[in-house]
Amino acid sequence: MNNRDWALAPLAPLALRPADDVMQLERLGSLHACRLSFVRTLMRQMGRQRWQVSRERFDLDENGYGTAIYRLQTPYGRYHGVMFAQALDETRRSDRVIADAWDVTFGLVEGDVDDSLLEQMAANVPLQEAGRQHPRLLVLSRANKSLRNFAHFVEALANGQQPDPKWLTRVGYLYRTTAVYGNGKFGIADFARLHENPDFRRPFSPQMAGVYLLRHFSIEQVEHLARSQAPETACELATELRRYLGIGNSTGLGMAPFLIHHPQLIAQWVHQRETALALARRQAPTSEDRKRLIALFRRALQHLAETETEDAEQSERNAETVASLPDVLAWLESAPLEEDLWAQLVAWSERTLSLEAQELINTLLIELYPELADPLEEQMGVTENLDLTPDMSLIHLRQLIETHYNWALEHDYTSREGSYWFWYRSAEKEEPRLGVRHEEPGAEKEVLIAMGPRVAHSHAAICEFLEETPRAKVVDFLLAKPRHKEIIRRVQTLVRDTYGDIHANLWHQDMKPMHLLRTKLAFFGASRFDPKSDRWVRITLFQGAPLVEELNAEPEDLSHFDDWSFPLQPQLKNGTVDPAGLSPHAGSAEISAN
Amino acid sequence: MKVSFNELQGLCRKAFTGIGFEDGDAADAADMVAWMQCHGFNAIDQLNRGLDFLLEEDPEALPKVIYQDGDLAVLDGHGQSVLRSISLATELGFAKARARGLSVVKIRRCHNRQLIMGYLSRLAGRGINITAFWRNAQEPLTEQVVGFRAGHPTPEVRIYSVRDVPEENEPNDGITLVMANHVELLPSLGVDHDLNLLARHSESDLMACRERSLQEGIDVDDAIWTRLKTLAHRILVESSEASRGGAGAGVNDND
């Protein structure tokens, strides 16, 4: 590209990656959290708008059981996080949706909590799905303790010592949520009600705010327990450890139906991320930009190197990404500082690196340009309406399918391996499960998650209909074959939003559900992917995020406040906890343990 | 009991699937019921009264085009609920209006007709003006006129009784839909008409009702809710020790 072309480049249409690349299941399953992920955008909003968190009530007994209420004050409104902590028998501690009791249950309430609402919540929130929840609840959730971390933290703090940070590297939280409900579930407020609410109109932002308050509660609860056990010797948790403490989440197949049932929303998320990447990729880097990218890359790789998982495949993927460090550094340091350096870097990474390493580079390129990426966070929501275009000629629809859904027409859905799995909901609390077709009962009640076979089926019916009526319109076809309505209006809508459908046969024996889970979790902002089976994963949210006290201090340097991705294990030396060398907090005054 | 809009829509969708609706029809029917209920038209009661019919309907007896030309179509609804596949009859009217500027669609022999408003709202949102008209056979003879302005998903509704009952005995079990690209088709009754206005729902009244439903939740009779849950249960697969493994959860949740 010559100088003139480069000067005109900002005016040129953005070259977004094609859906055939981006929407491959394995690539989606290699995404990392980025600055458009929901935990990041929420923290930025909280800091920018000077949100304040205060403790309204903290009635916990010596075992840490009881009620706590936190007020969340924004310029626009007031909300309250209400936590109910209770004793739980170890045998009942299950992360699955089929559980019926938890260590902590909580809700985020719009407005004030008076005695009557608190009474109603105390009677219903601990029951979760089995209760009838109040329409002023924006979020309903529950969490279980990491028993080992909890016990170790209480013991250490009671003895006036800081827990070893390694405990939080292994398991990065004291609590992990097992479901975080929003949007009208079990009687709580509909998301539609928040469309005009500037605090929480972004997708999943109320849920993330609820989880953030739980994180603060977990710190205050563990300190309370330490004080209760040993008031003379107990100390508070060091700031670096507080910051390194996140909230876990345990997730199963329930994430998959969401991805399929909300294709326009998914398309919007992916489109914004791809736009941010395309904007970043065409920037002409300065030497400072290059240094910053190298620093970010080193930090991210240390984070991945520290990440522990028992899952062999995820370990291998992490190791492969970490092993790419010398090559990436050598490339970055040796390449001439040309205007299209980032485009060259992306092209080189696609040729030589693993998908996870490629997507890590993409994530970090987005990180480099907040002024370009951050405005896109306002575009993450969408009004969902899969509408028919009944007057479209049927032959045009056939062409659109063959152009945009060729991936769906290429598979064999009749072979055993090509139709191996079926998705269903169990009568046991409607838990989503996978069954083996022809072996397990329930295939006749299959949940229609796999779009590939349905598109192929509709395409075949359209071709047959066109032989008899080549000038038919879509509505003519559907009046004769109405069962294709759902898939046709989906196709007609998504040929305009091409990042809506995942390009994979979700029936196939080799399909990896974990990729589906990771897709959604990456947009949430998850880190520390720790698969517990091929369809069950634990992750961590808000690890490294600014603390409530840092938020309440009304940060002036918002870029520093926002720089918390890929958190690193702090260092414990002589009872003092310091930030890791590559941490954005390194170089600040040492933080005393007491 | 109070339920949310999303909860009502979700349960209806599962219940319609449990009854045997195709995926797209179940979604449309659920949208129609939830839309009506949150705009203050007691759709759940109507659904409850029609559920036994729905359960007995022949799923293959779908709306059939009896006659059509460029801007007119007549369909036979086979005496079924508008909840099942009637959306395609309205889409036919939409397609004709787009092509010709104005269309008339008559759907004969259908019931639960009021619920069609929920789907017409979607069409109006896509930029078409709509008037829907039907008569109810009970004494006194009443007429309902629903008008949507293009781009406005909330209608104006008028219900009035007709004093001069015609002697012809055509059954009152059909709907007439008029759609136009550019001409507003709102109900507007002149003061000198010999009609007795029974109900008038303005666009702003209905929008306020929707807002209230979202704020306060939607009242639903417990017994109807239980019945819908029973129907929704039909789509679930009974659990077994083996199927619990199908969720793929870890074996130990203590860490």
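What follows is a chat about a predicted model with chains A and B.

Colleague: I'm new to this one. What should I know about numbering and confidence?
Modeller: Residues count from 1 along each chain as its sequence is written, and chains are lettered from A and ligands numbered from 1 in the order in which they are written. The model is predicted, so local features need pLDDT of at least 70 and side-chain atom pairs count only at pLDDT 80 or more, while totals for chains, interfaces and linings use all residues.

Colleague: OK. How many helices and strands are there in chain A?
Modeller: Chain A has 25 helices and 13 strands. Both are DSSP runs numbered from the N terminus: helices are H or I with at least four residues, strands are E with at least two.

Colleague: And what box do its C-alpha atoms fill?
Modeller: Roughly 90 × 60 × 45 Å along the principal axes. The radius of gyration of chain A is 25 Å, which agrees with the value near 25 Å for a compact globule of 594 residues. That radius is taken over C-alpha atoms, and the globule rule is 2.2 Å times the number of residues to the power 0.38.

Colleague: How much of chain A is buried?
Modeller: Buried residues make up 50% of its 594 residues. Buried here means 20 or more other C-beta atoms within 10 Å of the residue's own; 12 or fewer is exposed, in between is partly exposed, and C-beta atoms are placed from the backbone.

Colleague: What about chain B?
Modeller: Chain B has eight helices and 10 strands. Its C-alpha trace spans about 75 × 40 × 35 Å along the principal axes, and 45% of its 255 residues count as buried.

Colleague: What share of the contacts comes from residues 24 or more positions apart?
Modeller: Taking contacts with a separation of 6 or more, 74% in chain A and 70% in chain B. Two residues are in contact if their C-beta atoms, placed from the backbone, lie within 7 Å.

Colleague: Now the two chains together. How many residues does each bring to the contact?
Modeller: Chain A gives 56 residues and chain B gives 42. On the chain A side, α6 (147–158), β8 (421–425), β9 (432–436), α21, α22 and β10 (527–533) each supply at least two residues. By class, that side has 19 nonpolar, 12 polar and 25 charged residues. Ala, Val, Leu, Ile, Met, Phe, Trp, Tyr, Cys and Pro count as nonpolar, Asp, Glu, Lys and Arg as charged, and the others, Gly among them, as polar.

Colleague: You mentioned α22. Is that helix covered or open, and what do its buried residues pack against?
Modeller: Mostly covered: α22 of chain A is residues 485–494, and nine of its 10 residues are buried. Those include I487(A), I488(A) and V491(A), and also charged-class names such as K485(A) and R489(A). In chain A they pack against α11 (263–281), α18 (394–404), α20 (451–468) and α21 (474–480), and in chain B against α2 (23–38) and α4 (87–100).

Colleague: New topic: where is F542(A)?
Modeller: In the loop between β11 (536–541) and α24 (548–552) of chain A. F542(A) has a positive phi of about 65° although it is not a glycine. Most residues other than glycine have a negative phi. F542(A) is buried, with 28 other C-beta atoms within 10 Å.

Colleague: And N183(A), buried or exposed?
Modeller: Buried, because N183(A) has 22 other C-beta atoms within 10 Å. Its phi is positive too, near 50°.
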